[in-house]
Amino acid sequence: MQISTRRRDTATIFDVSGDIDFANSPEVRQSVLREIRKSRPARVIVNLRQVRYMDSSGVASLIEGLKASRDLGSRFILIGLSTSAREVLQLSRLIKVFEIYDNEEQALAA
Amino acid sequence: MPQMKTFPRPMESNDQQNKPGHRGGLLLMLAVYSNPRLLSAVRGAVERLTETLGFSAVQCRSITRAVDEALANIIRHTYGNRFDQPIALYFRSAKRCQQGEIESGLEILICDRGRAIDMNTLRGRPLDQIRPGGLGLHWIRQAMDIVEFTRKGLTNQLRLVKYLAQTRNAA
């Protein structure tokens, strides 16, 4: 799993690749929460296009990111969900809790 | 070199109909240590096996997810995040007859030697609550037809069964 951070306009974008599972979800959680609290961006965008698999600890990390963003008045947006990632959000009844777009342009324009 | 640990063996299940010529219908055995970094290897094996057995793509993903979540729960709760403890997985063919229809499927036994877990205390969180944690158990129950937990001696065994779509009994 790899995670990198970049800025675009008023958004902070996290590009994640690989599997998000019990072994590495703490790294995702720490990176996202640290950057949100440090930069306080207007939008937090998590790009999951290259994520093949996400377990329940990965979903938990996204929920923590969502809550931290809301606390700071930021929008927390997911883009590029794979079939597998979409399935786990649906199974968890979280698909409507997150703001989800197909790509970065849509997320920035929304 | 650390001493090799003995991996737990499965307990007998009571509704397994073994096929002639198959030793207990065993399809695959995996012995892994409770290291989270090994979870991806197990997921790969389960995904390929379920594909081979003819499960749909959605079912392959959900069975793989169930096994992955079960292993993560064992590492986290049963072994208390100790990463050098033995876990054994046994994948066996399963069969049942329901209303004249024969259903074949996959039985997965996941055995560990961690502390005893009171299954009554393990509850997934209500899905209408938006908070981290408690999802894995829901996913396991949603994915599988049978979810059973047994403790015998020092061994915990989680038994997961998923049946394929029905096929007509020609007999």
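Q: At what angle do helix 1 and helix 2 of chain A pack, and how far apart are their axes?
A: Two packed helices are described by the angle between their axes and the distance between those axes. Helix 1 (residues 25-39) and helix 2 (residues 56-71) of chain A pack at about 10 degrees, with axes 9 Å apart. Axes are lines fitted to C-alpha atoms, for helices over the stretch in contact, and angles run from 0 to 180 degrees between N-to-C directions. Helices (H or I, at least four residues) and strands (E, at least two) are DSSP runs, numbered from the N terminus. The two helices are therefore roughly parallel (angles under 35 degrees; over 145 is roughly antiparallel, 65 to 115 roughly perpendicular, the rest oblique). The model is predicted: local features need pLDDT of at least 70, side-chain atom pairs count only at pLDDT 80 or more, and totals for chains, interfaces and linings use all residues. Residues are numbered from 1 along each chain as its sequence is written, while chains are lettered from A and ligands numbered from 1 in the order in which they are written.

Q: Which residues make the contact between helix 1 and helix 2 of chain A?
A: Residues are in contact if their C-beta atoms, placed from the backbone, lie within 7 Å. Helix 1 of chain A contributes residues including V28(A), V32(A) and I36(A), and helix 2 of chain A contributes residues including G58(A), E64(A) and A68(A).

Q: How many residues does each chain give to the contact between chain A and chain B?
A: Chain A gives 18 residues and chain B gives 19. Helix 2 of chain A gives the most to the side of chain A that touches chain B, with 6 residues.

Q: What is the fold pattern of chain A along the sequence?
A: Chain A has 4 helices and 5 strands, in the order β-β-α-β-α-β-α-β-α. Its C-alpha atoms fill a box of roughly 30 × 25 × 20 Å along the principal axes.

Q: What share of the residues in chain A is buried?
A: A residue is buried if 20 or more other C-beta atoms, placed from the backbone, lie within 10 Å of its own, exposed if 12 or fewer, and partly exposed in between. In chain A, 43% of the 110 residues are buried.

Q: Which residues of helix 3 of chain B are buried?
A: In helix 3 (residues 136-143) of chain B, the buried residues are G136(B), W139(B), I140(B) and A143(B). The buried residues of this helix pack against helix 2 and helix 3 of chain A, together with helix 2 (57-78) and strand 4 (146-152) of chain B.

How values were computed
Two residues are in contact if their C-beta atoms, placed from the backbone, lie within 7 Å.
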